[in-house]
Amino acid sequence: MPLSLTVATWPELTPRLLRTGGAHSEDHDSYIAAGGYRDLTDPERLLDEVDRSGLRGRGGAAFPMAVKLRSVRAGGRDRGGAIVVANGEEGEPASIKDRWLLRNRPHLVLDGLRLAATIVGAQRAYVYVSDPASAASVETAVAQRHPGPPVEVVTVTPGYVAGEETAAVRAINGGPAKPTDKPPRPFEQGVATLPTLVSNVETLANLPHIHAHGGQDFRSVGTASSPGSFLATITGAGRPPALYELPHGVRFAEVLEFHGVPAEMATGTLMGGYFAGLLGPGVLDATLDHETLRSLGSGLGCGAISILNGDCPVAVAAAVLAYFDRENAGQCGSCFNGTAAMAAAAAGLRDGLATGDDIARLRRWSRELRGRGACATLDGAANIAASLLDQFPAEVARHLENGCPACQSGGVIPARPYEVEAVMMA
């Protein structure tokens with residue numbers, strides 16, 4: 001039977017994203033009663049407040065939202081129109097935040113979409129998903145919502161690369177949900193060749209709070225460089241998965257305690273979903289914000305954090321690299337061949353078949369293959385390989401010399417490690 005999902009807000013943090021008014025699913029009337037769908041009379045002022053808030057994208061890249069809005073607005077004025085896309089195609093297997101928002105707070109996402117569309121002057125908007133339950137929830141909410149630009153729900157087959165912004169544009173334009181070469185980027189030429197804002201649904205879900213309370217209030221939580229709260233999907237350590245709203249800057253050791261995992265049980269993490277790589281026990285002293293994790297050679301990414309507790313990091317890395325090998329778009333030779341080569345080297349290390357030369361090649365590939373291909377899949381694979389070698393040198397050496405008892409005893413890491421797809425979210 002699927003595990004239930006724990007949903008909670010950090011103590012003493014007034015929830016901004018997980019608030020549901022006592023029910024998991026928020027309908028139109030309850031959202032209005034809570035102050036949603038406020039009239040927007042001054043889009044320019046709201047854009048200034050978004051800038052003041054320091055809101056960064058929650059999909060992985062943490063790009064400043066105000067910069068995106070201004071770029072699309074300027075392009076739309078020059079080209080005679082713009083498009084806005086709420087990206088809810090949650091490609092990271094270890095993340096569930098976007099599906100939770102779309103299933104349980106669709107009006108919050110649509111309100112944010114409305115505000116973004118008004119700021120950039122968009123004639124129409126899209127909600128881009130792969131989860132049928134999310135699509136159904138949003139369709140119902142669209143039929144109930146306040147007036148605004150037309151909104152269309154576009155549903156695609158799930159896939160790791162399907163959530164990349166150019167893949168979203170390509171799919172909405174009628175093509176496959178696979179990335180395209182850049183330039184042009186969507187803000188230059190996107191859906192129907194118009195400047196297009198592609199924004200993660202959690203990012204958009206923060207706009208109603210900024211509209212209601214202002215950018216300075218948004219900054220009352222978090223750090224100077226990573227303001228606001230964020231949604232974190234926590235998995236691993238033998239615990240049911242959880243979705244928490246956390247303030248940026250909270251200590252990871254405190255999050256473990258909140259999650260019910262003793263700090264000494266954590267031997268490391270898979271941080272930021274599959275993309276940002278592995279971190280060793282030193283992560284216990286870290287705070288969860290973009291600047292701190294960047295200084296550790298990692299990143300917060302989409303907020304997915306998987307706790308290693310008895311899981312061999314070599315086996316975890318091998319499983320994630322095999323996933324990238326299966327899930328790459330198959331369009332770019334460097335990615336198609338590079339992910340396969342790194343996956344084979346990691347599998348050989350896990351199985352006690354690798355040599356020092358294999359590890360030297362893996363390290364070289366993790367450096368030289370970055371930045372190639374139409375999307376960042378190869379970068380994610382390089383991050384996993386490099387972080388395994390840098391963060392867990394003792395475990396790598398043990399696999400080379402004597403083998404790993406955990407791997408030799410038949411301990412198996414799933415093909416999609418720490419996946420939360422099967423979780424019951426109601």
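Y323 counts as buried because its relative accessibility is 1%. Buried means under 20% relative accessible area, exposed over 50%, and partly exposed in between (1.4 Å probe, protein chains only). The model is predicted: local features need pLDDT of at least 70, side-chain atom pairs count only at pLDDT 80 or more, and totals for chains, interfaces and linings use all residues. Residues are numbered from 1 along each chain as its sequence is written, and side-chain values use heavy atoms, with hydrogens and water left out.

A search of the whole structure gave 7 aromatic pairs. Rings of Phe, Tyr and Trp (its six-membered ring) pair if their centres lie within 6.5 Å; planes under 30 degrees apart count as stacked, over 60 as edge-to-face and the rest as tilted. Y323 pairs with Y274: the ring centres are 5.1 Å apart and the planes stand at 90°, so the pair is edge-to-face. Y274 lies in the loop between β8 (268–271) and β9 (278–279), and Y323 in helix α13 (residues 313–327), so the pair ties together parts that are 49 residues apart in sequence. Helices (H or I, at least four residues) and strands (E, at least two) are DSSP runs, numbered from the N terminus. Y274 is also buried, at 0% relative accessibility. Ring pairs join Y160, Y274, Y323 and F324 into a cluster.

T196 belongs to strand β5 (residues 196–200). With a relative accessible area of 2%, T196 is buried. Leaving aside residues up to four places away in sequence, T196 touches V72, I83, V85, V169, P186, F187, G190 and V191. Contact here means heavy atoms within 4.5 Å.

The whole structure holds 2 cavities of 30 Å³ or more. On a 1 Å grid over the protein atoms alone, a cavity is a set of points where a 1.4 Å probe fits but cannot get out; lining residues have an atom within 4 Å of a point. Grid points are joined across faces, edges and corners, and a volume is the space filled by probe spheres set on the points.

The largest cavity has a volume of about 70 Å³. Its lining includes P179, N328, R372 and C375. By class, this lining has 6 nonpolar, 4 polar and 1 charged residues. Ala, Val, Leu, Ile, Met, Phe, Trp, Tyr, Cys and Pro count as nonpolar, Asp, Glu, Lys and Arg as charged, and the others, Gly among them, as polar.

The second largest cavity holds about 50 Å³ of space. Among its lining residues are R58, K97, E202 and H248. This lining divides into 4 nonpolar, 4 polar and 3 charged residues.

Notes
1 Å grid on protein atoms, 1.4 Å probe; cavity = no way out; pocket = protein on both sides within 12 Å on 5 of 7 lines; lining within 4 Å.
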